[in-house]
Structure formats: structure tokens, C-alpha cells
Amino acid sequence: MGSAVEPVGQADVIVIGAGMAGLRAAKELIAAGRTVIVLEAKDRVGGRLKHGKVAGRAVDLGGQWAGAHHSELLAEAERLGVPGYKQYQDGDSVVCLAGKRTTASFGVPDWPIEALTEVALLKSRWDEEMATVPADAPWAAPKAAEWDRQTVETWIEANLETPEGRSLARAVPRSAWAADASEVSYLWFMDVLRSSEGLDQLLGLQGGVLDTKYVGGMHLIASKLAGELGDRIRLGTAALSVVQDDDGVLVHTAKGGFRGRFLIIAAPPGPIGRIQFDPPLPTLRDGLQQRMAMGNTIKWWMAYDTPFWRDQGYSGQVIDEDGPVGVVMDDTQDGDPGMLVGFFDGEHAVAASGIDQDARQALVVSSLVKFFGEAAATPIGYADNDWSQEPFTWGYIGVMGPGAMTRFGSALREPVGRIHWAGTETSTEWAGYIEGALRSGRRAACEVAMRDNG
């Protein structure tokens, strides 16, 4: 089948990618009685989860939070014995939008009544509009053609009037999916907003998408899942090309070929686009991958002797649409140094990627001083991770610009012969989150198990 080279590995199903989607897909297939080999390009598992250390404490260089409604992730953590704890939220938040620094008590910023009213109406309108988007076919929404012709930015300019309302709306796609409002289709945005249960969930700490973190890090969940798969996982084995015919699929790597009756590709759209396919992928699928750019983010941590912001009455949460640091959260664990975690996102991440880590640290310190005062000027540790430079990821979350959803979106989950697709971007629920990755892996495994009769 496409090559006379004898494969070095053979299984019912080959899975490309040992992130949460690939690990879940493999586990589900094994439970269904199938043999599996998981090929992972990196020298570690976890994909967009990654282990690190700052000031002697384990941190998550990638995905970190479980939302209150992330049922599969919460259940998996409990099953694997990884203890969670709630995101700290006591005290005021700092809100820097439309050129103004204000504080928010109980989630309500100190804004003019006109701005607060517009934000309330915005939430209601987005709730109504996202409810018209079919989960399995967003390109079939009643206003799909109209919404897919515009960006979130052009929608904001046409529909919002207050500087605060516009600034908050711009912050949503940047903070949630690492993409600027000017980059993404309004239809795509309505779909992922629907998949995330709306603005209340996205802006929420406890009870929202930032509800729970894990002692030792989220990456422990991926590591324990991988431990259950054992030597079925082949690290450092990047897929170079995929050949398929009527009988199965052959994945070529630098370490040899791996043959299966079916293939699940559980990877972001950017890396998939670097794999060669024989025969070539259909125009719709290839066009989709070309048009799903990866959002840019650099995640950083700053350690202090103590969480001094708590003594000042702050929760540690910041939303800053004006400066380079878009989101900040308290990441302190009991008995550890004070820790803040945050992000350069979108255009700010692209700019920060062009300077060295010391210069990025200086930008973060300057921002934290603006938020919390001079006590923030003397950290004891700093680290960051530039996901646009992460090998075999090259970004963080795949997003769609104008025109992509209506023209190419139908290829997002549609199998190509014996190739099936997983990854958080393919999930109809919680797209862009770890929960979405888990659900996508289960879906892809079910698709294959239903087709594969051994």
C-alpha cells in the first residue's frame, strides 16, 4: 500500500499526537478492544499541556484550568487521583480598558452607567445570536453568510458605542482564543462562544472556565493518562507523510513506517498542514488547514516572596486590553511563593516573540507595577513559554478568519477515507479548551470503532 518498506509498527489504529485528544482517543479505542500505536513528535506527552518550574515550584507552561462545567476533565482528574483546588478570587480585580484603569468589585467594574448598560445588552445579544448557530454545522446558521463576511472587529465598530464596551468585546477573543478581534470571523466567534456557553462562563473564575487548578499541574493528568498507555506511545516520532488506500494507512516517520487500518490525527491544524498526504487531501480539507491560523500566546509567571496583592485587597485578576499583558491571575499555592500568571496574546504575543526573555520580563514587571504598585518591581523568579515557537505546535489554538467557516468549515470533522480528526478545534463543545480536546478524542475513537469491524 503505497510503499514496499516493511513497517516497524502495526496496529488496528494509529494515532498522531499524544496531547489530551490523542491520549483520550487511544484509551477509548483500547477499551473497545482495538490495538493502538500513538506517534508523538515531541519528546514528551501532553501537547499543549507542558510542565515547567518557577522559583522551585511546578507550573503549567500550557493549559492549566478546568472550568466548572468541564465534566469530562473534572472526572478524569478525579479518576487519576490528581487533587484540584479553586482559583483564588477574593478581593478586587483590576480592569484596564479604553485607556482607563479601574477596579471591579464582585465582577462589576467602576464604569459609567452607559458602558455597564451596553455590556449587559452585549451579553444578551451574544447569547441570542450564538443560540442560532447549529453545533454540528455552524456554516448553516441563518446569518452564516453575513457573519462570515465580517470580523469581530468590524462587528464591534458597527454595533457598540462606548469605549469600555468596545474594549471589553475586543478582549474576549484575545484572552480566550489568543487571537485579535480583527483576525477572526464573527461566525467562527459565535460558534466558539456557543461552544463555551457564553460570556458569563468566559469571564468567570469560580463557577466559570477558570474554576479549578491542580496540585502539581494539569500536565500530571496527561502524564498519568500516558502511563496507562505504556509503550503504545512512541515519543520523538514525527509523522512526515501519510499514505492511504482501500486497505489502510501507512504513516512514514524518520524511525520507520507505522501501519493501521485507520488513522486518527489529533493535532492542531498548523502542524497537520506540514504533513504530506498521498493521495492529497481533498480541496476542502486542505483549504481549511491553510485558513486556520494558530493564535499566538506567550504564557508567563512572576514569583514573589509573598502574594502581596492579597494584602492590598486585590484578587490578582487583571484584564488589560490596552497594554502588552492582557490577562493576569493569582497562581499562588499554599506554602509556596506568591505567584502571578499571565499572557501576552494576539498581536502583543507576536511583538513579544521578537524580543528576548529578559526584555519580556521587563515588560511584565512594568505592567504589574501599573496594576499593583511598586511592590511588584522586585520579583524572585520569572519564566515564560512562547507557544508560537513551540516545535510541532507553532501557536496555541487554531482560529478561522472571514470566509473560512462557510467555505471550508464542513471539512473540520469529516473523515477523509480512513483518516479521522481530533483536537480541541474540532470539538462542538468547549472548542479551544482541554475539555474540548477530551471530547474530540472520544468522538473520533467512537467513529473509528463503529467503522472498524476488525
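Colleague: What makes the lining of the second largest pocket three nonpolar, five polar and four charged residues?

Modeller: The class lists decide. Asp, Glu, Lys and Arg count as charged. The lining includes Lys-86, Asp-90, Arg-310 and Asp-334, so these are its four charged residues. Tyr-85, Tyr-88 and Val-215 also line this pocket. Tyr and Val count as nonpolar. This is a predicted model, where local features need pLDDT of at least 70 and side-chain atom pairs count only at pLDDT 80 or more, while totals for chains, interfaces and linings use all residues. Numbering runs from 1 along each chain as its sequence is written, and side-chain values use heavy atoms, without hydrogens and water.

Colleague: What makes a set of residues a nonpolar core?

Modeller: Its members are buried Ala, Val, Leu, Ile, Met, Phe, Trp, Tyr and Cys residues, joined through side-chain atoms within 4.5 Å. Buried means under 20% relative accessible area (1.4 Å probe, protein chains only). The largest such core has 57 residues, and Trp-126 and Phe-189 are among those that touch the most other members. Helix α7 (residues 186–195) supplies its largest share, seven residues.

Colleague: How do you know how the lining of the second largest cavity divides by class?

Modeller: By the class lists again: eight nonpolar, two polar and two charged. Arg-285 and Glu-425 are in the lining. Arg and Glu count as charged, so they are the two charged residues.

Terms used
On a 1 Å grid over the protein atoms alone, a cavity is a set of points where a 1.4 Å probe fits but cannot get out, and a pocket is an open set with protein on both sides within 12 Å along at least five of seven lines; lining residues have an atom within 4 Å of a point. Buried means under 20% relative accessible area, exposed over 50%, partly exposed in between (1.4 Å probe, protein chains only). Helices (H or I, at least four residues) and strands (E, at least two) are DSSP runs, numbered from the N terminus.
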